[in-house]
Amino acid sequence: MAEKKSKRDSIGMRMKGCHTNNGFVQNEDILEKDLDPGSPADSPQHIIMGVGGPEEPDFKNIQPYAGMPKEVLFHFSRQARYRVLREVLFWLIVASVLALTVATIVIIAISPKCLDWWQAGPMYQIYPRSFKDSNKDGNGDLKGIQDKLDYIKTLNIKTVWITSFYKSSLKDFRHGIEDFQEIDPIFGTMKDFENLVAAIHDKGLKLIIDFIPNHTSDKHAWFQLSRNRTGKYTDYYIWHNCSHENGITTPPNNWLSVYGNSSWHFDEVRNQCYFHQFTKEQPDLNFRNPDVQGEIKEIIQFWLAKGVDGFSFEAVKFLLEAKHLRDEAQVKKTQIPDTVTQYSELYHDFTTTQVGMHDIVRSFRQTMDQHSTEPGRYRFMGTEAYGDSMDSTMMYYGLPFIQEADFPFNDYLTRLDSPSGDGVFETITSWMERMPEGKWPNWMTGGPDRVRLTSRLGKEYVNVMNMLVFTLPGTPITYYGEEIGMGNILATNLNESYDVTTLLSKSPMQWDNSSNAGFSEGSHSWLPTGTDYEAVNVDVQKTQPRSALTLYQELSSLRANELLLSRGWFCYLRTDSPFVVYAREMDGIDRIFLVVLNFGESSQLNLKDMISNIPTKVRVRLSTSSANRGSEVDTRAVMADKGEGLILEYSTQSLLHYQPGFRDRCFVSSRACYSSVLNVLYSLC
């Protein structure tokens, strides 16, 4: 016990004489020394504390210093000058966090919805058999498209749209599908497709593809099983009893195929007639059968899983037919029924746009939405219902609270057979006035089954039509070759026996003036190239400052960089002349683009009569004629040549959509206002 007590006393003695380590060691080699008895006890550098004494340390006259022990730190932190400063800083931080939170909420609340990828730039439609041949067999293929992605990027395209490439027995390779989950060998392999999808995404582009759910090929496995009444496939198609004697079929009713004659065809295997809205090699699926709808859903999911960003659903108005088999009414009631063989000679009230058809299309939308949950991976859905009235077409946008297509494809400009200011004006205003509020428009100038722009309107109007679709609100859609002014080929020396009239606008893309227009290095191409390919081709036009291709690139660049064109108001100015005139403007931007397009002969226009407060002189921002670019024109006498288009620009504080005279003639799809101070868009205008 005495030994233990002696040790404690010894330790206590040593601790009383030790120096407190303030956390800094100047020299570790200096041995610890006893405190000099003469040193002041209240030195601020050291504190001598006894371990055995209960008294509190005396902090009088001690100043804060680095490495203070907690007892000293607590002493000073309780002083008013430090406590007040600490509290002020705390509440400043709290207020800053709250302010940032509120500011973030406000910004989110007033910010307009960003344009989605299918709204942000043009779409480029490719007929794959005619775009680029990579293996010298004379047929365009998927690898060929991949080889030309850099060219597509130069057009400022955002979305590549590839028409049907599924395995098919039809020479047209568009509608009669043998297998919806296979690539036709003429276009390549599934690996080629996967590589193409990856390359498209690597370029920052999106991909949509055609899908024709209404029918299949008669070579499809489903049809072969159905004609043999195998299990669930028995009712995958529309079968009905009909008489067939001596090679002559008496159909169940007078329904006609789109291509003429009866839409019923007798099948000797099943001993019944099947229904086909198109050719007899394309039997219609029975969409009243839930199993068929399930099969289509699986096909959609298959391609979405491959990385496809969207679909164009073709021929959707034909998905359902009336359950009854009543005859359709004749257009001319006095016509002898047996002579009614053309599709246009009947009203198709029982074979198109039936009740329930839109429900099926909405089910496609629901499947797409299930694959649109990832950020930036929204899946686009467009519908094609060519031939419908404009009012019927608008139904594909859906209902206010039930979304259907993002937009139905607008082909009404492709129906113009001659240049006409009135015709263009009526097409534009009819669409804009009928389009549901808040929906997004689109504009097409061509397509695989349409006469090319040059052949319909004339080469003088190629540039003005491209200027039209790039300055209208919505998504411009370009059919391959329209950017250089390709025309239809002549109906001679065609090696195909399908429907020749549908092939004339599908000639090979004209890349340069070499053999086969640079489309193929083989000895031939599946269709002849245009006779003008030596002058009308990409290689020549990309070096010409006044070419159609150069103007196309300038227009697409202007649209991409100007909020007035991508998000602004559209206000049309009615005239009874060959001119089409409209303005593009936006709240917060004190400039207006005034677009003047001449669809007639050379003539003069007085803009002062249309807009009273327009300046006398305005600048030409862009023109189809390079002679006018950058110059100024007198708004009292604007002169435009045949097929010329002008984008005029002037400053103003009086926007047209606020003026009573223009208020009913202005439209906006996705309203936004611009703050030049903050350089942001906001929605509370």
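Predicted model: local features only at pLDDT ≥ 70, side-chain atom pairs only at ≥ 80, totals over all residues.
Two strands count as paired when DSSP finds at least two bridges between them.

Take the β6 side. Here β6 pairs antiparallel with β10, residues 272–275, over two bridges. Across from Y274 in β10 you find W239, and across from C273 in β10 you find H240.

On the β9 side, four bridges join β9 to β10, again antiparallel. W264 is the residue opposite F275 in β10. The two strands make a hairpin with four residues between them, and in that turn N271 has a positive phi of about 65°.

Which way do the side chains of β10 point? Q272 and Y274 go one way, C273 and F275 the other. In general, side chains in a regular strand alternate between the two faces of the sheet. All four of these β10 residues, Q272, C273, Y274 and F275, are buried.

Next, a helix. α9 covers residues 290–305, which is 16 residues. From first C-alpha to last it reaches 23 Å, close to the 22 Å expected at 1.5 Å a residue. At its start, a side-chain oxygen of N289 comes to within 2.9 Å of the backbone nitrogen of D291. Just after the helix, G307 has a positive phi of about 105°.

Which residues of α9 are buried? They are V292, E295, I296, I299, I300, W303 and L304. For the spacing in that list, recall that an α-helix has 3.6 residues a turn, so residues three or four places apart point the same way.

Now the aromatics. There are 49 aromatic pairs in the structure. One of them is F131 with W511: the ring centres are 5.2 Å apart and the planes are at 75°, so the pair counts as edge-to-face. These two are 380 residues apart, with F131 in the loop between β1 and α5 and W511 in the loop between β17 and α15. Both F131 and W511 are buried. W511 has a further neighbour, K148, whose charged end sits over the ring, 4.2 Å from its centre. A second case of this kind is K506 over the ring of Y127, at 5.4 Å from the centre.

The side chains of K203 and D150 meet at 2.4 Å, N to O. K203 is in the loop between α7 and β5, and D150 is in helix α6, 53 residues apart. K203 is partly exposed at 32% relative accessibility, and D150 is partly exposed at 48%.

D587 and R671 meet at 3.5 Å, N to O. D587 lies in the loop between β19 and β20 and R671 in the loop between β26 and β27, so this bridge ties together parts 84 residues apart in sequence. Here D587 is buried, at 7%, while R671 is partly exposed, at 34%.

E649 is in strand β25 and R621 in strand β22, so the tie is between parts 28 residues apart. E649 is buried at 9%, and R621 is partly exposed at 27%. Through shared partners, salt bridges join E562, R591, R619, R621 and E649 into one network.

Key. Residues numbered from 1 in each chain as written. Heavy atoms only, no water. Buried < 20%, exposed > 50% of the residue type's maximum accessible area, 1.4 Å probe, protein only. Phe/Tyr/Trp six-rings, centres within 6.5 Å; stacked < 30°, edge-to-face > 60°. Lys NZ or Arg CZ within 6 Å of the ring centre and 35° of its normal. Expected span 1.5 Å × (residues − 1). Polar contact = N/O pair within 3.5 Å; in protein donor to acceptor, adjacent residues only side chain to side chain. Salt bridge = Lys/Arg side-chain N within 4 Å of Asp/Glu carboxyl O.
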